[in-house]
Amino acid sequence: MTRAARILGRRRYRPFFEELRYRLPMTVVEIRVFSHCQGSPAFPICPRCRLTIEREYMAFCSRCGQKLDWGRYLDAKIIDVELNDEHTP
Ligand SMILES: [Zn+2]
């Protein structure tokens, strides 16, 4: 196989490998807590897109499609969101 054929082959399969990365589970290790809101709602954070996940123990992130692993969720780091935090999604 020539070098050019190898490079072309790699390009052809890149979308396939990119999709596979989303199917390999990433561990949820952070929780965003809105302590200034009534009831202090808390949302897990997607390890890939860094946005909040609507519900706990979902198989996939509803925003980016990343497969999620909840095995370390009970030990997740809690991030308290300030009232005027500009990073709030
Ligand atoms: Zn995501």
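User: Which residues make up the largest nonpolar core of the chain?

Analyst: The model is a predicted one. The largest nonpolar core has 6 residues in all: Val28, Ile45, Cys46, Ile53, Cys61 and Leu68.

User: Which residues does isoleucine 45 touch, not counting residues up to four places away in sequence?

Analyst: Isoleucine 45 is one of the residues of the largest nonpolar core. With residues up to four places away in sequence left out, isoleucine 45 touches Glu30, Ile31, Arg32, Arg50 and Thr52.

User: What pattern does the chain follow when read along the sequence?

Analyst: The secondary structure comes to 1 helix and 5 strands. Read along the sequence, these elements give the pattern α-β-β-β-β-β.

User: Do β2 and β5 pair in the parallel or the antiparallel sense?

Analyst: Strand β2 covers residues 30–33 and is joined to β5 over 4 bridges. Glutamate 30 has lysine 77 of β5 as its bridge partner, and arginine 32 has isoleucine 79 of β5. The sense of this pairing is parallel.

User: Which residue in β3 stands opposite arginine 32?

Analyst: β2 and β3 pair in the antiparallel sense over 3 bridges. In β5, the bridge partner of arginine 32 is isoleucine 79. In β3, the residue opposite arginine 32 is phenylalanine 43.

User: Is serine 40 buried or exposed?

Analyst: Serine 40 is found in the loop between β2 and β3. Its phi is positive, about 45°, although serine 40 is not a glycine. Because serine 40 has 10 other C-beta atoms within 10 Å, and the limit for this class is 12 or fewer, the residue is exposed.

User: What is the value of phi for arginine 50?

Analyst: Arginine 50 has its place in the loop between β3 and β4 (68–69). With 13 C-beta neighbours inside 10 Å, this residue counts as partly exposed. Its phi is positive in a residue other than glycine, with a value near 70°.

User: What distance separates the C-alpha atoms of arginine 48 and glutamine 66?

Analyst: Arginine 48 lies in the loop between β3 and β4 and counts as partly exposed, with 16 C-beta neighbours inside 10 Å. Residues up to four places away in sequence aside, arginine 48 touches Met26, Cys61, Cys64 and Gln66. Arginine 48 and glutamine 66 are 18 residues apart along the chain, and their C-alpha atoms are separated by 6.9 Å.

User: What radius of gyration does the chain have?

Analyst: Along its principal axes the C-alpha trace spans about 65 × 30 × 20 Å. A compact globule of 89 residues would have a radius of gyration near 12 Å. For the chain itself the value is 18 Å.

User: Among contacts between residues at least 6 apart in sequence, what percentage join residues at least 24 apart?

Analyst: Two residues are in contact if their C-beta atoms lie within 7 Å. Among contacts in the chain between residues at least 6 apart in sequence, the share that joins residues at least 24 apart is 45%.

How values were computed. Residues numbered from 1 in each chain as written. Predicted model: local features only at pLDDT ≥ 70, side-chain atom pairs only at ≥ 80, totals over all residues. Helix = DSSP H or I, 4+ residues; strand = E, 2+ residues; numbered from the N terminus. Rg over C-alpha atoms; globule rule 2.2 N^0.38 Å. Pairing = 2+ DSSP bridges. Core = buried A, V, L, I, M, F, W, Y, C linked by C-beta atoms within 7 Å. Buried ≥ 20, exposed ≤ 12 C-beta atoms within 10 Å, placed from the backbone.
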